[in-house]
Amino acid sequence: MAIGVFGLQVAYELKRLEVMSLDDTHGWFGGGAGAPGSTDVVNRIDFSSDTGTANIRGTLSLARQRLRAATGNSNYGWFGGGLTVPTANRSTVDRIDFSNDSATASPRGPLTVARGNVLATGNSNYGWFGGGLVAPATSVSTVDRMNFSNDSSTPSPRGTLSAAKYSMGSTGNSNYGWFSGGLNFPSIYSTVDRIDFSNDSTTASIRGPLSSVRYSSAATGNSNYGWFGGGNPGLVSRVDRIDFSNDSTTASIRGPLSSARYQLAATGNSNYGWFGGGSPGPLSIMDRIDFSNDSTTASIRGPLSSERTSGAATSGQAKGPAIKLAKTLGYGWFGGGRAGSPVATVSTVNRIDFSNDSSTASPRGPLSSVRYGMSATGNSNYGWFGGGITITSPLIALETVDRIDFSNDSSTTSVRGPLSLARRTLAATGNSNYGWFGGGLIDAANSTARVDRIDFSNDFSTASVRGSLIAPAGRNTLAATGNSNYGWFGGGSPTTATIERIN
């Protein structure tokens, strides 16, 4: 009898992962002020090999500075607004074809208002361009929405920001966009404005502020957090992190950039953020933030091809829920369980090679202890196995959480912070930044409805209790799956056909 052999949920969301295209693995930095002949240059950085100097690709259709706005999807990147010397604001929007980025960017439909220091964010279908400076002393709260499938048309005006301002930081996920800080001289803001993409005709809602007033910062993020780095006044290296699931609180201060600067640009993927260029300078420096360890100082990577300030950046991987949920490439891990005759509990971890799945799974490093009846989830770098039970008398449920390092899976898994409640036959799902463990048996007669959340970037802490499953008495032996925005828990004992969704 085999009971409870649980594997990481890496079998879903594998589309687009077997062949990694440019949009998955690269970021594009364009425009800005710098050396003559460099302000229309587009640089491309390779996320997997970011210690070399960024490659020079095609140019923008028009050289301009104060080009702070860029967004993109899996195929294209759009750069909008900016300023040509000496003081001519532009409504120009350029589109870069990621698959043919050595060509000159193609002009698309213009913004509704010519402006510099406008910021942008977007999802896989639309881009939102917010705020900006239309004259030396006049800023706007205007938000334009560009339809990526019809980008030769002028974007449509949507609801406004909470105030007229420019030189903000902006990022977003598939559902919302966050615009932080900014300037409307002489006022400097710490305010964070949130646009609801599904209801963008209303005024942006004010969320928890940054840790201090700031303008000319840069921002990037993944599906769950946004990182805002650098800025003025005071020329800071500070990085603030917004928790998208709890954005009414003040942003938390994380590890700084390698040096203080402002008017920089940023982009990223689901695991890292790259911050490039800036002032005082202009500068060519590139910093990388590790999202899973963001309390340390950002590491210096290969520079841009030339010094520049007030540019913009985008990437394909920063957009779209299927990409943000990207799981480990090519393998699945199955851990623990009961097997043999007589039946014994094991700590074994087997790895399946998806490209050669007709072969016997290979043994890897074991769990920290023998157990069965646990559940597991993971992201592109690690897998977490939580809960379970060992064969003892009496049977005692466990709160243990083990973490497998996919890059070093021959070692014994490391014990991380526990679940909030010991249990077995629970279910788990997750996205790139969190794992949710729900339900389970506490003892032979009692189930729980509790849902615990593990923060992958701080997994030494005890899992936090989140909302519970609907059944007040709880349930066990259920199953779960999910994407980057929702998790579904279905079935279980007591026998039920119920499926519950966690946002």
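**Aromatic pairs and charges over rings**

User: How many aromatic pairs does the structure hold?
Analyst: There are 18 aromatic pairs in the structure. Rings of Phe, Tyr and Trp (its six-membered ring) pair if their centres lie within 6.5 Å; planes under 30 degrees apart count as stacked, over 60 as edge-to-face and the rest as tilted. This is a predicted model, in which local features need pLDDT of at least 70 and side-chain atom pairs count only at pLDDT 80 or more, while totals for chains, interfaces and linings use all residues. Residues are numbered from 1 along each chain as its sequence is written, and side-chain values use heavy atoms, with hydrogens and water left out.

User: How do tryptophan 227 and phenylalanine 291 pair?
Analyst: Tryptophan 227 and phenylalanine 291 are stacked, at 3.8 Å centre to centre with 5° between the planes.

User: Buried or exposed, these two, tryptophan 227 and phenylalanine 291?
Analyst: Tryptophan 227 and phenylalanine 291 are both buried (under 20% relative accessible area, with exposed over 50% and partly exposed in between, using a 1.4 Å probe and protein chains only).

User: Which residues form one aromatic cluster?
Analyst: The cluster is formed by Tyr225, Trp227, Phe291, Tyr434 and Trp436.

User: New topic: where does the charged end of arginine 351 sit?
Analyst: The charged end of arginine 351 sits over the ring of tyrosine 331, 4.1 Å from its centre. This term requires NZ of Lys or CZ of Arg within 6 Å of the ring centre and within 35 degrees of the ring normal.

User: And the charged end of arginine 416, where is that?
Analyst: The charged end of arginine 416 sits over the ring of phenylalanine 460, 3.8 Å from the ring's centre.
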